[in-house]
Amino acid sequence: MENAEQKMAEIQAQLDSLRAGQPENKLAMVVFSGDLDRALASLIIATGAVAMGMEAVLFFTFWGTPILRDKNKSVSGKDTMGKMFGAMLPKGADALKLSKMNMGGMGTMMMKNLMKQKNVASLQDMLALAEELEVRIIICEMSMDLMGFKREEMIQYKHLEYGGVAKFIAEAGTSKIQLFI
Amino acid sequence: MSEDFTVSKVLDLKGLACPMPVVKMSKGIKDVAVGEVVEAITTDPGSLADFPAWAKTSGNEIVKTDQGGDTIKFYVKRKV
């Protein structure tokens, strides 16, 4: 009978370890793109996930990093490359363009007007909603460094952190849904 | 599916587009007690698929759906 008890203990231990390894009810997404349409999709998915009872974490990296610049903030002390990136890259959510059919800016403007007509939330509205719903944002340190961005020029967002790939993988590893846009 | 229930709260989601209907629904359901029913009125065609999916995942129950004209009315009972 000792054998049976031992077996039970083993099975219990395995069960406990399996339970511990279960992913959390969480969605983790990399926002690599800097396009308006892609950024919108990422926020609709993130807020939708929270509406469905999940936690959502977004990792903004590379072309996604400029999305979080605050158009009303400026910082000094950048080197030439930093200044160049600062000028060439969009300054915040309002400055993004469609990934297709931008047509020199006309397509983006038409899309924004259409969205307003149909009462579809703008990117700024979506960011505000995301903050309200406690969507977490992690900004890639390396992208900040490469593009010469400083923390002081990024938007105020209540659930904002900075991190690298390991931080994202740690989040993604315990999430049920992992996405890349 | 019983037809007798009383609506404790009406959620007017007319004119809202994705993802707002489910986002507001998930907030609105918290304003009633467990067992009570919320009437959600939406004009968003995507809601027809979204609301059942939301209900299933959030553990709540759609006790009645009313499709008429350009509005869809969901009667959602809070179960959790």
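**View 1. Residue A:E2 in helix α1 of chain A.** A:E2 is exposed, because 6 other C-beta atoms lie within 10 Å (a residue is buried with 20 or more other C-beta atoms within 10 Å of its own, exposed with 12 or fewer, and partly exposed in between, the C-beta atoms being placed from the backbone). The residue belongs to helix α1 (residues 2-20) of chain A, where helices (H or I, at least four residues) and strands (E, at least two) are DSSP runs numbered from the N terminus. From A:E2 to A:A93 the separation is 91 residues in sequence and 66 Å in space, C-alpha to C-alpha. The model is predicted, so that local features need pLDDT of at least 70 and side-chain atom pairs count only at pLDDT 80 or more, whereas totals for chains, interfaces and linings use all residues. Residues are numbered from 1 along each chain as its sequence is written, and chains are lettered from A and ligands numbered from 1 in the order in which they are written.

**View 2. The packing of α2(A) with α5(A).** Helix α2 (residues 36-51) of chain A and helix α5 (residues 123-132) of chain A have axes 10 Å apart and pack at an angle of about 30°, the axes being lines fitted to C-alpha atoms over the stretch in contact and the angles running from 0 to 180 degrees between N-to-C directions. α2(A) is therefore roughly parallel to α5(A), a term for angles under 35 degrees. Residues in contact, with C-beta atoms placed from the backbone within 7 Å, include A:L40 and A:L43 of α2(A) and A:M126 and A:L127 of α5(A). By class, the residues of this contact of α2(A) with α5(A) are 11 nonpolar, one polar and no charged (nonpolar: Ala, Val, Leu, Ile, Met, Phe, Trp, Tyr, Cys and Pro; charged: Asp, Glu, Lys and Arg; polar: the others, Gly among them).

**View 3. The side of chain B that touches chain A.** The contact draws 11 residues from chain A and 12 residues from chain B. On the side of chain B that touches chain A, the elements giving two or more residues are α1 (20-28) and α2 (47-58) of chain B, and α1(B) supplies the largest share, four residues. That side of chain B has eight nonpolar, four polar and no charged residues.

**View 4. The fold of chain B.** Chain B has two helices and four strands, which follow the pattern β-α-β-α-β-β along the sequence. Buried residues make up 32% of its 80 residues.

Definitions and conventions
Contact = placed C-beta atoms within 7 Å. Parallel < 35°, antiparallel > 145°, perpendicular 65-115°, else oblique.
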